[in-house]
Amino acid sequence: MPNCIGAVDGTLIPIIAPRVREDIYVCRKGYHAINVQAVVTPDMRFTDVVAQWPGSTHDNTIFENCGLKAWVEANNVGWLIGDAGYALKPYMLTPKIRPTTQQENAFNLAHSRTRMVVERAFGLLKSRFRCLHKTGGFLQITPEKAAKVFVVCAKLHNMCIDDAVVFDGQVHVAPDNAPPYIGALDPNAQRDRRAIIARF
């Protein structure tokens, strides 16, 4: 994808049921979690992490309320690549829903290949730090502490990349099943996406 500054997505980190507002931490998969948003570069390095939202929070809601959104709006630095769970914006490139032309299908394929780096990064991170994955057991701490654990793990993950630490375990990429964004479409973003689709 042209001018791509990173792929953005959310991931669920399983936790024990908190004592306060337990209901808002139940995620769409039926367990208690925090929903963490991250931006990842092509080398699977985490460049931005927002770890403070309950598991029931939609990915687009997290993005709409984070500092990264204001920064990309103000700086016109390129595209973030997001899945259908995000709103199409002049700085957020999302796939074409229900593609009908060869160009739209080619665009969606290139978009998917570009965006998969964030899924692979989450898979590698959770394989390195099993406490972040359901198979490693639920984090037995408060949501606030679980958020801090995630941030530390992401920093350690980046250090592993810096130091070329090889991971010998399996990396599993979960299929994307985020609900699509439903809301008003930005006409300028639609025009920009059509221009990119036309390149295909």
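Which residue in β5 is the bridge partner of isoleucine 81? In the predicted model described here, that partner is leucine 93. Residues are numbered from 1 along each chain as its sequence is written, and side-chain values use heavy atoms, with hydrogens and water left out. As the model is a prediction, local features require pLDDT of at least 70 and side-chain atom pairs count only at pLDDT 80 or more, whereas totals for chains, interfaces and linings use all residues.

The pair formed by isoleucine 81 and leucine 93 belongs to the contact between strand β4 (residues 79-81) and β5, which run parallel and are joined by 2 bridges. Strands (E, at least two residues) and helices (H or I, at least four) are taken as DSSP runs and numbered from the N terminus; two strands are treated as paired if DSSP finds at least two bridges between them. On this basis, 5 strands form an open sheet with mixed pairing, in the order β3-β2-β1-β4-β5. Its edges are β3 (46-54) and β5 (92-93), each of which pairs on one side only.

The interior was examined in terms of nonpolar cores, a core being a set of buried Ala, Val, Leu, Ile, Met, Phe, Trp, Tyr and Cys residues joined through side-chain atoms within 4.5 Å. Relative accessible area defines the burial classes: buried is under 20%, exposed is over 50%, and partly exposed lies in between (1.4 Å probe, protein chains only). The largest nonpolar core has 29 residues, of which Ile13, Ile34, Phe46, Leu125, Leu132 and Phe150 touch the most other members. At least two residues of this core are supplied by each of β1, β2 (33-40), β3, β4, α3, α4 and α5 (187-199). The greatest contribution comes from α3, with 6 residues. Phenylalanine 150 is in contact (heavy atoms within 4.5 Å) with Thr11, Ile13, Val36, Val49, Phe122, Leu125 and Leu132, when neighbours within four places in sequence are left aside. A second, separate core comprises 13 residues, including Val8, Val39, Trp53 and Cys66. In soluble globular proteins, nonpolar side chains tend to be buried together.

Charged pairs were then considered. With a salt bridge defined as a side-chain nitrogen of Lys or Arg within 4 Å of a carboxyl oxygen of Asp or Glu, the count comes to 7. One of these joins arginine 115 to aspartate 9, with the closest N and O atoms 3.4 Å apart. Because arginine 115 lies in helix α3 (residues 102-128) and aspartate 9 in strand β1 (residues 4-14), the pair ties together parts that are 106 residues apart in sequence. Both arginine 115 and aspartate 9 are buried.

Lysine 69 is buried, with a relative accessible area of 15%, whereas glutamate 73 is partly exposed at 46%. Elsewhere, salt bridges that share partners join Asp9, Arg115 and Glu119 into one network. A further salt bridge connects arginine 45 with aspartate 43, the closest N and O atoms being 3.3 Å apart. Arginine 45 is partly exposed, with a relative accessible area of 22%, and aspartate 43 is also partly exposed, at 38%.

Two non-glycine residues show a positive phi. Methionine 44 has a phi of about 70° and is placed in the loop between β2 and β3. For alanine 164 the angle is about 55°; this residue sits in the loop between α4 and α5 and is exposed, with a relative accessible area of 59%.

Helix α4 (residues 143-162) contains valine 152, which is partly exposed with a relative accessible area of 47%. Together, Val152, Leu156 and Met159 form a nonpolar patch on the surface, with about 260 Å² of accessible area. Accessible areas come from the Shrake-Rupley method with a 1.4 Å probe, and for residues only the protein chains shown count as cover. Patches are made of residues with over 30% relative accessible area and no salt bridge, like charges being joined within 9 Å and nonpolar side chains (Val, Leu, Ile, Met, Phe, Trp, Tyr) within 5 Å. Glutamate 144 is also found in helix α4 and is exposed, with a relative accessible area of 52%. The C-alpha atoms of glutamate 144 and proline 54 are 10.0 Å apart in space, while the two residues are 90 residues apart in sequence.
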